[in-house]
Amino acid sequence: MRYAVAMTVVSAIDRAFDLAKSGRCRSVSEIIRHLRPDDRAAVETHLVKPGARRELIQICSAAWLAAD
């Protein structure tokens, strides 16, 4: 059962990064709003790690600028 929970967390984080790379979201809060409700908590927990939020912001900003 632990494996399934770990995979869900990784998948949620992967989905957040995929949204950031897509250029559809301008901010981390917008990315989180686009996630399924059950994924939001996992991503918020991940974003507490040092540098995690900054990395997502940088990816999101670069993708947003490239989309223009």
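Predicted model: local features only at pLDDT ≥ 70, side-chain atom pairs only at ≥ 80, totals over all residues.
Colleague: Why would two side chains pair at all?

Modeller: Side chains that carry opposite charge can pair when their charged atoms come close. In this model the count comes to 4 salt bridges.

Colleague: Which residue forms a salt bridge with D39?

Modeller: The partner of D39 is R15, and their closest N and O atoms are 2.7 Å apart. This pair links distant parts of the chain, since D39 sits in helix 3 (residues 37-46) and R15 in helix 1 (residues 2-22), 24 residues apart.

Colleague: Is D39 buried or exposed?

Modeller: D39 is buried, with a relative accessible area of 0%. R15 is partly exposed, at 27%.

Colleague: What do the side chains of D38 and R36 do?

Modeller: They meet in a salt bridge, at 3.7 Å from N to O. D38 counts as exposed because its relative accessibility is 54%, and R36 is partly exposed at 45%.

Colleague: Which side chain does E44 meet in a salt bridge?

Modeller: E44 meets R53, with 3.6 Å from N to O. Salt bridges with shared partners also join R15, R36, D38 and D39 into one network. As for accessibility, E44 is partly exposed at 35%, and R53 is partly exposed at 35%.

Colleague: Where does E30 lie, and how far away is the nearest side chain of opposite charge?

Modeller: E30 lies in helix 2 (residues 28-34). The nearest side chain of opposite charge is R33, 4.5 Å away. A salt bridge needs the atoms within 4 Å, and E30, though buried, has none. Leaving out residues up to four places away in sequence, E30 touches R24 and C25.

Key:
Residues numbered from 1 in each chain as written. Heavy atoms only, no water. Helix = DSSP H or I, 4+ residues; strand = E, 2+ residues; numbered from the N terminus. Buried < 20%, exposed > 50% of the residue type's maximum accessible area, 1.4 Å probe, protein only. Lys, Arg positive; Asp, Glu negative; His and termini not counted. Contact = heavy atoms within 4.5 Å.
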